[in-house]
Amino acid sequence: MITKCLLVLKNSKFYLVLAVVYTLILLYFTLGNPNEVLPETSIKFQDKIFHFIAYVILAILWGLYSFTGDNKKGLRISFIATLIFGVVLELVQEVVNPLRNYDNLDLLANCVGVVVGTIVVLYYKNLKLK
């Protein structure tokens, strides 16, 4: 049982499907109606925390996928791609959905999330190599 689980986790198709599905879900929530996406709470900067966490997860998923292939530049490519994805989505969201607004702090949270997620993947990869 454990061997089967480990084989699935080493499978590049598994990471690709997971990363693509998560990216599509993030796209849906980013461009969707903000009143239907996030519940109202009293947490200060809740939206920024969600942006940060969402992009940490995005960078981790694409980063893990990048290590399944033979491409030495895979992590660099996934870092740049997820960074561009976060910037472009933040810039175009109010054009696509008038209920959404551009926010510099959201953009910053997206970018910091990608950086942190990529660092997590690098740390994980270095642990596996030892």
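Visitor: Which residues are linked in a network of salt bridges?

Guide: This is a predicted model, and the count of salt bridges in it comes to three. Side chains of opposite charge can pair when their charged atoms come close. The residues linked in the network of salt bridges are D47, K48, D103 and D106.

Visitor: How far apart are the closest N and O atoms of K48 and D47?

Guide: D47 is partly exposed, at 24% relative accessible area, whereas K48 counts as buried, at 18%. The two residues form a salt bridge, and their closest N and O atoms are separated by 3.5 Å.

Visitor: What is the distance between the closest N and O atoms of D103 and K48?

Guide: D103 forms a salt bridge with K48. The pair links distant parts of the chain, 55 residues apart, since D103 sits in the loop between helix 5 and helix 6 and K48 in helix 4. D103 counts as partly exposed, at 24% relative accessibility. The closest N and O atoms of D103 and K48 lie 2.6 Å apart.

Visitor: How many residues apart in sequence are the parts that K48 and D106 tie together?

Guide: The side chains of K48 and D106 meet in a salt bridge, with 3.0 Å from N to O. Both K48 and D106 are buried. Because K48 belongs to helix 4 and D106 to helix 6, the pair ties together parts whose separation in sequence is 58 residues.

Visitor: What pattern does the chain follow along the sequence?

Guide: The chain holds six helices and zero strands. Of its 130 residues, 29% count as buried. Read along the sequence, the pattern is α-α-α-α-α-α.

Visitor: Which helix gives the most to the nonpolar patch?

Guide: The nonpolar patch on the surface is formed by F45, I49, I53, I57, L105, L108, V112, V116 and V120, with about 720 Å² of accessible area together. At least two residues of the patch come from helix 4, and at least two from helix 6 (104–129). With five residues, the one that gives the most is helix 6.

Visitor: Is I53 buried, partly exposed or exposed?

Guide: I53 is found in helix 4 and is a member of the nonpolar patch. Its relative accessible area is 41%. Buried requires under 20% and exposed over 50%, so with 41% the class of I53 is partly exposed.

Visitor: What is the angle between the planes of F14 and Y15?

Guide: The structure holds three aromatic pairs. One of them is formed by F14 and Y15, whose ring centres are 5.6 Å apart in an edge-to-face pair. F14 counts as partly exposed, at 31% relative accessibility, whereas Y15 is buried, at 10%. The angle between the planes of F14 and Y15 is 65 degrees.

Visitor: What is the centre-to-centre distance of W62 and Y65?

Guide: W62 and Y65 lie in helix 4 (residues 46–66), three residues apart, or about one turn of the helix. W62 is partly exposed, at 21% relative accessible area, and Y65 is partly exposed, at 27%. They form an edge-to-face aromatic pair with 85 degrees between the planes and a centre-to-centre distance of 5.9 Å.

Visitor: What separates the C-alpha atoms of T82 and G63?

Guide: T82 has its place in helix 5. T82 is among the buried residues of that helix, which also include S78, G86 and E90. T82 counts as buried because its relative accessibility is 4%. T82 and G63 are 19 residues apart along the chain, and the separation of their C-alpha atoms is 9.4 Å.

Visitor: How far apart are the C-alpha atoms of G74 and W62?

Guide: G74 is found in helix 5 and is buried, with a relative accessible area of 8%. G74 and W62 are twelve residues apart along the chain, and their C-alpha atoms are separated by 9.2 Å.

Notes
Residues are numbered from 1 along each chain as its sequence is written. This is a predicted model: local features need pLDDT of at least 70, side-chain atom pairs count only at pLDDT 80 or more; totals for chains, interfaces and linings use all residues. Side-chain values use heavy atoms; hydrogens and water are left out. Buried means under 20% relative accessible area, exposed over 50%, partly exposed in between (1.4 Å probe, protein chains only). Helices (H or I, at least four residues) and strands (E, at least two) are DSSP runs, numbered from the N terminus. Rings of Phe, Tyr and Trp (its six-membered ring) pair if their centres lie within 6.5 Å; planes under 30 degrees apart count as stacked, over 60 as edge-to-face and the rest as tilted. Patches are made of residues with over 30% relative accessible area and no salt bridge: like charges are joined within 9 Å, nonpolar side chains (Val, Leu, Ile, Met, Phe, Trp, Tyr) within 5 Å. Accessible areas come from the Shrake-Rupley method with a 1.4 Å probe; for residues, only the protein chains shown count as cover. A salt bridge is a side-chain nitrogen of Lys or Arg within 4 Å of a carboxyl oxygen of Asp or Glu.
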